[in-house]
Amino acid sequence: MLAVVLGAVLASPYSMALLFIAVAAGSMLEFYKIARLTGAVPLQVYPTVIGVLLVAVAFAVAAGLIGTAALLYVLPLVCGLFIAELYRKSTTPLTNVALGVAGIVYVAVPLALLVVLPCVGAPGGGFVYRPLVVLSVIFIVWANDVGAYLVGRVFGRHRLFERISPKKSWEGFFGGVVSAVAVGALMGLWQDASPVLWAGAGLVISVSGVYGDLVESMLKRSVNLKDSGHIIPGRLHLYIWLYSLDKEHYTQYSVRMKIHKEGYSIILVTMALAVFITTVCAWLLPPLAAWIVAGAAALFVLFVTSFFRSPSRIR
C-alpha cells in the first residue's frame, strides 16, 4: 500500500490526483455502508459522485486547468440529495440527507484540500508540482501514530478520553505530538522550507489526527462496531480509506510482534536517536548525504525492531 501511494505521488500531479480521487470514491462508499447500520438509508452513489467531482475540480482549479468559478457548479449538486428524498418514500428523509452531506464533508472536503497543497501557480502560467508536500503530510501522520503507540505502550498511565477510546493515554498523545513536530521540522529542512512552519504543521496535524481517531472511535461505537478497518474511513487529516487499510495491517502486525516492555523502550530510544541524528545531518550535510544517513537510520531502526520481534527475545 505504501508503494502505491509513494509511486502515485512521485510520478506526476495527475497520478496523485487520480489516487486521491479513487480514495475519495472508496472512502465515501465505505462511509455510507456504516451509515446504513444506523437504520437510515442514505444514497450511496450520488453523493459519492459529488465527492469525486469536488476532489477532481479542486485539483483542476489548483493546476490552473479551469477557473475557480467551476467549484460553484459542484455545490448545487448537493441540493439533489434533498430532491431525491421526495421520490424515495423513505421514513428517514432528514437523516438520509444529513448522512449524505456528512460523507461529503468528512471525506471529500479534506481530500480536496489535500490535492491542492502541492500545486503552486507559476508566474508565467501553469503550476509547479511539489510532491514532497504531500509526502511530508503522510510521513508526519505516520510519525505521530508510531510515536503515540510506542510512548503509550511504555509510559501510558493517564487515560486521554476513556469514554470513547479506553486505550489512548495522555503520555501517548504527547509522544505523538513530539514525533510529529520533529518529523515536521525535518521535512521542512529537506524541502528547503521553514522548519519552524513545518514543525507547526506537525503540531496541527498531530492534534487533528487525535481528534480524527476519537471521531472514528465514536462513530464505530455508535453502531457497535469493534473493528471497522475496511468500513469506516481512516485518517489523513484527516482520514482516508487507504490509510485505514494500512493501519489495520499495522495493528495486526504489532499484535503478532509481542514485544515486551523493555523492547518498546529500546525501540523508542532508537527512534528518537535516529530522528536526532538525521535532523543534525540535514543541517550540516548536502541533501544527498543527508538522505543516505536518513536511509541508514531507518534501516537501523528496522533492525532493532526485528531483533526484539524474535521469539527468543520474548519474555
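Student: Which way does α8 pass α9, in a left-handed or a right-handed crossing?
Tutor: The crossing of α8 past α9 is right-handed, where right-handed means that the near helix is turned clockwise from the far one by less than a right angle, and left-handed that it is turned anticlockwise. Before going on, note that this is a predicted model, in which local features need pLDDT of at least 70 and side-chain atom pairs count only at pLDDT 80 or more, while totals for chains, interfaces and linings use all residues. Residues are numbered from 1 along each chain as its sequence is written, and side-chain values use heavy atoms, with hydrogens and water left out.

Student: At what angle do α8 and α9 pack?
Tutor: Helix α8 (residues 170–190) and α9 pack at about 145°, with their axes 7 Å apart; the axes are lines fitted to C-alpha atoms, for helices over the stretch in contact, and angles run from 0 to 180 degrees between N-to-C directions. The helices themselves are DSSP runs of H or I with at least four residues, numbered from the N terminus.

Student: And which residues touch there?
Tutor: On the α8 side they include Phe173, Gly176 and Leu189, and on the α9 side Trp198, Gly202 and Val210 are among them, with contact meaning heavy atoms within 4.5 Å. By class the contact has 12 nonpolar, five polar and no charged residues, counting Ala, Val, Leu, Ile, Met, Phe, Trp, Tyr, Cys and Pro as nonpolar, Asp, Glu, Lys and Arg as charged, and the others, Gly among them, as polar.

Student: What about α7 and α9, how do they lie?
Tutor: The axes of α7 (residues 131–155) and α9 (residues 195–222) come within 9 Å and cross at roughly 55°, so the two helices are oblique to each other; angles under 35 degrees count as roughly parallel, over 145 as roughly antiparallel, 65 to 115 as roughly perpendicular and the rest as oblique. This crossing of α7 past α9 is right-handed, and the contact includes Asn144 and Asp145 of α7 and Asp213 of α9. Its residues divide into six nonpolar, four polar and two charged.

Student: Then α3 against α6, parallel or perpendicular?
Tutor: Helix α3 (residues 45–62) and α6 have axes that come within 9 Å and cross at roughly 20°, and they are therefore roughly parallel to each other. The crossing of α3 and α6 is right-handed. Among the residues that meet are Leu54 and Phe59 in α3, and Ile104 and Leu111 in α6, and by class this contact has 14 nonpolar, two polar and no charged residues.

Student: New topic: which residues line the second largest cavity?
Tutor: That lining consists of Pro42, Leu43, Leu81, Glu85, Asn96, Val97 and Gly100. α6 gives the most to this lining, with three residues.

Note on methods. On a 1 Å grid over the protein atoms alone, a cavity is a set of points where a 1.4 Å probe fits but cannot get out, and a pocket is an open set with protein on both sides within 12 Å along at least five of seven lines; lining residues have an atom within 4 Å of a point.
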